[in-house]
Amino acid sequence: MQQSVGAFSRLIVRGFQRTGPGQPARLIVPEWLEKVRRGDDPVRVRAVQTSLDLADVRDAVELELQLLSRPELSGVVNVATGRATTGSGILEGLGRLANRSLRVESEIREPRFNPIAEIDRLRPWQLRLVG
């Protein structure tokens, strides 16, 4: 079903979690990166057993700009990777970048699962995975 407002189709773009250069340290990846850079031992995190749909912010913004240039599109599009990135995977990557093994303490021990997007409408585009 196509929804129209005036001469334009209505496209709803739903953004999921993103990370990239310039983000404040209050967000998950920059926070953990700062702790690794400082040499924290152990690296204390809120929830290491987390899963989230995490995309590179540069790719997500580029995709959103491409979507804006396509007025014929309508409906809902999730701008996401469609795959789970784990907290442990992020920390393993940060450990490799720092060239050291990380000892991690997690405040929350239970797994936390954030929504993973359904991305069938994004098949022509590809977002870089983070983690």
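A polar contact is a pair of N or O atoms within 3.5 Å; within protein, one must be able to donate a hydrogen and the other to accept it, and residues adjacent in sequence count only if both atoms are side-chain atoms.

**Entry 1: ground rules.** I am working with a predicted model, where local features need pLDDT of at least 70, side-chain atom pairs count only at pLDDT 80 or more, and totals for chains, interfaces and linings use all residues. Residues are numbered from 1 along each chain as its sequence is written, and side-chain values use heavy atoms, with hydrogens and water left out.

**Entry 2: Ser 106.** I found Ser 106 in strand E10, residues 104-106 (helices, H or I, of at least four residues and strands, E, of at least two are DSSP runs, numbered from the N terminus). Ser 106 has a relative accessible area of 13%, so I noted this residue as buried (buried is under 20% relative accessible area, exposed over 50%, partly exposed in between, with a 1.4 Å probe and protein chains only). Its side chain reaches the backbone nitrogen of Val 48 at 3.0 Å and the backbone oxygen of Ile 108 at 2.7 Å. Leaving aside neighbours within four places in sequence, I listed Val 45, Arg 46, Ala 47 and Val 48 as in contact with Ser 106 (contact means heavy atoms within 4.5 Å).

**Entry 3: Thr 81.** I looked up Thr 81 in the loop between strand E8 (75-79) and strand E9 (85-86). Thr 81 counts as buried because its relative accessibility is 6%. The Thr 81 side chain makes a polar contact with the side chain of Asp 53 at 2.7 Å, and also reaches the backbone nitrogen of Arg 83 at 3.2 Å. I noted that Ala 60 is 21 residues from Thr 81 in sequence, with 9.3 Å between their C-alpha atoms.

**Entry 4: helix H1.** In H1, I found Val 29, Pro 30, Trp 32, Lys 35 and Val 36 buried. The buried residues of this helix pack against E4, strand E5 (43-45) and helix H3 (87-98).

Entry 5: Which element gives the largest share of the lining? H1 does, with 5 residues.
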